[in-house]
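This briefing concerns a structure given below with its sequence. The notes that follow are grouped by topic.

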Amino acid sequence: MKGVWQVFYRELRDQLRDRRTLFMAVVLPVLLYPALGLGALQMALLYREKPRTVVLLGSGNLPADPPLLENGTFAPRWFDLPTDAGRLQLVTDAPPAPGEPAHGRREELLDAARRVWESYQAEGGAAAGQAFDLAELEAVIVVPDGFGARLDQVRARLRQPGAGVNPPAETSSQSPAEASQSTPAEGADERPQPDATTSPPVPESGAEWPRVRIVYNKARDQSVSAWSRSANVLENWQGAVLAGLLADGRLDRQFAQPAIGPDVDLSIPAEVSANQFTRLVPLVLVLMSLTGAFYPAIDLVAGERERGTMETLLILPISRLQIVLGKFAAVLCFSLVTALLNLLSVGFTSRQILSSIPGREQATALAMSLPGPGSVALLVVLLLPVAGLFSALSLALSCFARSNKEGQYYLSPLLMVGMGLGFYCLSPGVELSPQLAILPIIGPSLMMKTLLSGPAGFEAVRGYLPSVLLSSLLYTGLAVWWGCELFKGEAVLFRDSDRFEPRAWLRQQWRTRGWHATLSQAVAGFAVLMLLRFFGIVGATAPSSDLSATERGMSLLKQTAGQQVWLLGLPALVLAGLCLRRPAIGLRWCWPGWKPLAVGALLAVGLFPLLVWLQHRLSWFFANTPETARDLGQALLDPAVPLWQVIGTIVLAPAICEELAFRGLLLDGLSSQGRAWRGVIISALMFGASHMIPQQVFNATLLGLALGWLTLRTGSLLPAMVMHACNNALAILFARLTTHSSDSKIAGWLLQTDVSGPGPTLPLLCAAIACCAGGYFWLSRLPGPVAASEEPSSQPNS
Amino acid sequence: MISAQGLTKHYENLSGDPFVAVDGVSFEVARGEIFGLLGANGAGKTTCLRMLGTVLQPTAGTATIAGFDVVTQAAEVRAHIGYMSGNTGIYDRMTPWEFVEYYGRLHGVPRATLRPRMESLFERLQMNDFRKTPGAQLSTGMRQKTSIARALVHDPPVVIFDEPTSGLDVLVARSLLGIIADLRREGRSVVFSTHIMSEVKRLCDRVAIVHRGRVLAAGTVADLTREHGQPDFEELFFELVSGSERASGSQRAAGSATADGVLANSSATGSETLA
């Protein structure tokens, strides 16, 4: 411990004396965000949106009331904000005012707009679109002939008592194409006179009521922008037109929106910005804890080797673990400090910017949306696993580098992965779930995001806290341990500048594959299997909700069995085939005799009630079961689902596939070099981690310990398979017993139900403990593994 | 004090071809004796000393230092040796005083002992002028002295020097050799490797001539010159090395000759069958 502290203290002091590290960790965050904030403010001041040009055809056809145009442009009152008027430039075909000089560009635009509209009416979209883009038009508003006149006509009719409400059909036989050809002047001349007295309103349903159209191209940004602005103006204007119609028809103006009133938005501008800030927090913390770990980690390992001090360090009478832990603590320290300083700086800058926005309610809004002290404390706690994993990984990766420069190469992928994960968590659709909670980096950062999402955040994340922290601790521990293993290996510390040739390396791996898997093969194998599992989850399709419960359950069962076989069992076999000289030896695929199998069954019978009891005791600890798991649980109980399907999916497939993977390949590699306990514990943790749902993680880890021990003790995979199958069969039995015949005599004898569900009775527990003890005793009297002596001892000839 | 028995080290590069760096090296070093490993660059001296220093694990063979096994009792071995090589650097952002103190503390030297010992070391090695200068600003000689102080701070009974004089100017090298001679007077065992004949002649009680990972000859300089009937030590070294080269060369030639023979035979068989 003293050695760890001394190494830590030295590294910390050394890094503090390094100007580069200090700059990255302290100066950059303190200066960067205020500078960025200042820049953003400057940009906001300097930034002016470019006005968009809209061409309006048929300005003469517009009704006089309400007037869309004023002084040759849109009337300011149709804009949501008066300042928006400047963002839209209007070119109309109204005759220019007497004093205005003739404008070439204006005529050009008008001509082009007319041509586009003509070609649209004659030939359709494609040709018109080409002309539209060629002329660099942004949006064209077309007011059809006689629009205003007809509107006036309708309004006049509406004003009569007992008037109908249907619009009159077009009175002229002009097609729209012809209408657009006519010049505005002609249109004005031909305006039909309202004749309210002679033509009573005749309802002509289905007739086209000529209306104003906007022509634009959705594929061009400028056009979309022009369209959205002018559409907004026309929308507001249309509201006024409708209000006029309603008034004329002596109807309340609220009939314009008869069912839905205005929305109620409770947000205050400052709160919106504060929310934006808190959303950024997880990303800043993830990226900055990685940046903070990056440079010290390179300097502490690759830099040390480059300067030649590594060898000096290794001849000290302290263990490699102490050295790695000391260095890890120093890197972690820098990572945490960098992340927190960045966070403080971001917070401070945002506060300053927010407080520069005028508004009385802004202070309250800030107080409401900024996280409370409890949340901040939890945030720092959550930062630990993120920074810890990044520090350990950076440290381990830089073991491969011989110099600072190489270190940067090796660590860049980590930076990219970290950035990807950070941005992934930032996206609005991604929310904390049991599956995501146990993923490295994603789990903690999603938890931060939920925590900061509002006052209820703390409640929402509480259930996930154990799984996030435990899984992160596991990942960090694995990464530290990996770094330690790398430090122990001499090839990594005195690496020659060997040229790496993938083919030669692969050939070498193939040639030198042994009877048993190595540690690194096991770790790589686990990574591959977890990756496949992740793809399995992502690729899994939830059964459609219009299926019956039974059908849904069956399709889930089928999917689960498929995942077991194709994504776990088969890959494990393939990996074993690639890594092992004779897979059957490494996988311990041999007949152990009947007795070990019986012991496996006995242990399962003994352990299951204990596991149920533990889970029952700890039920407060676990979050609710996710939907799909509940559906699957339903399927187990559904009498309509054939029993063979349930047994195949829940009993046989896991017993074979999971055992091949976890007690086969992974346990073999992890327990290499005679370190049986390391293998049992880590394979159990991996087995637990692969189960995702908190209860199952817990159960599987405990079960995995027993299975691993059983496998190594008997030297065969089969007893573990039997035990696993028995355990799962008991789980089905237990579920059926508690649901279907909970009031039967046997159930009453075995189970007692309280608030947190059914649990085993005391006699059952005693019997279970007796079973376990019996199994243990029997197993300890059996002869040890026989596979070791049969194993060929000669080295493979290459 | 030091005993190496059949130390062997194989390396494997990424393409999987094995390379033998040290091949069955055995020697003994008594208390208060300076033992030299003499060999050209790449002869396997550094690998051999790194195995003694527990930084590398031998592929085969054993070695004990002060009675502790270098593989199974590595921590005790490290506590009993002072190790210094041209490769063992010092930290740029640490002063010599801090550096030596750090290593003293990590070696578990109690504070009360550490300070006077450092004072006397700094005095003896004439390091007081630069004890507060950051490592990055030290000259090669100063760095070497700092490394020696670092290697001696825990008062080890065994000192291992790997080419300590390489890159040093004549004056510094000379004073360093003086320091090594002092260590013998204090009763320490010293192993040191070099490719410079004069250093061996001046300092070493006994010497082993190493070439391609094997010990070609070992003994006192006088014994060696007498045994091989070559009064000039430098000539002796050259003769031994070139003799070994010739032997391995003829071995290789013999090997290829056999291969050729087989080839000739098979082609002859081939032509016979054709005919």
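In which loop of chain A is N71(A) found? N71(A) is found in the loop between β2 and β3 (73-74) of chain A. The model is predicted, with local features requiring pLDDT of at least 70 and side-chain atom pairs counting only at pLDDT 80 or more, while totals for chains, interfaces and linings use all residues. Residues are numbered from 1 along each chain as its sequence is written, and chains are lettered from A and ligands numbered from 1 in the order in which they are written.

**Backbone features in loops of chain A**

- N71(A) has a phi near 55 degrees, a positive value in a residue other than glycine.
- I441(A) is buried, with 25 other C-beta atoms within 10 Å.
- Helices here are DSSP runs of H or I of at least four residues, and strands are runs of E of at least two, numbered from the N terminus.
- D65(A) and P66(A) are joined by a cis peptide bond, with omega about -5 degrees. P66(A) belongs to the loop between β1 (52-57) and β2 (69-70) of chain A.

**The open sheet of chain A**

- Four strands of chain A form an open sheet in the order β4-β1-β5-β6, with mixed pairing; two strands pair if DSSP finds at least two bridges between them.
- At the edges stand β4 (88-92) and β6 (213-215) of chain A, each with a single partner strand, so one side of each has no neighbour in the sheet.
- The twist from one strand to the next averages 25 degrees.
- Strand β5 (residues 139-142) of chain A runs antiparallel to β6(A) and is joined to it by three bridges. V142(A) stands opposite R213(A) in β6(A).
- Helix α3 (residues 104-123) of chain A packs on the sheet and touches β1, β4, β5 and β6 of chain A, its direction making about 65 degrees with that of β1(A).
- Helix α8 (residues 221-248) of chain A also packs on the sheet, touching β1, β4, β5 and β6 of chain A, and its direction makes about 60 degrees with that of β1(A).

**Helix packing in chain A**

- Helices α26 (residues 643-670) and α27 (residues 676-689) of chain A pack at about 135 degrees, with their axes 8 Å apart. Axes are lines fitted to C-alpha atoms, for helices over the stretch in contact, and angles run from 0 to 180 degrees between N-to-C directions.
- α26(A) and α27(A) are therefore oblique to each other; angles under 35 degrees count as roughly parallel, over 145 as roughly antiparallel, 65 to 115 as roughly perpendicular and the rest as oblique.
- Among the residues that meet are F662(A) and L666(A) in α26(A) and I682(A) and F687(A) in α27(A); contact requires C-beta atoms, placed from the backbone, within 7 Å.

**Chain B**

- Chain B has nine helices and 10 strands, and buried residues make up 39% of its 275 residues.
- Strands β4 (residues 60-65) and β5 (residues 68-69) of chain B pair in the antiparallel sense over two bridges. The bridge partner of I65(B) is F68(B) in β5(B).

Note on methods:
A residue is buried if 20 or more other C-beta atoms lie within 10 Å of its own, exposed if 12 or fewer, and partly exposed in between; C-beta atoms are placed from the backbone. Two residues are in contact if their C-beta atoms, placed from the backbone, lie within 7 Å.
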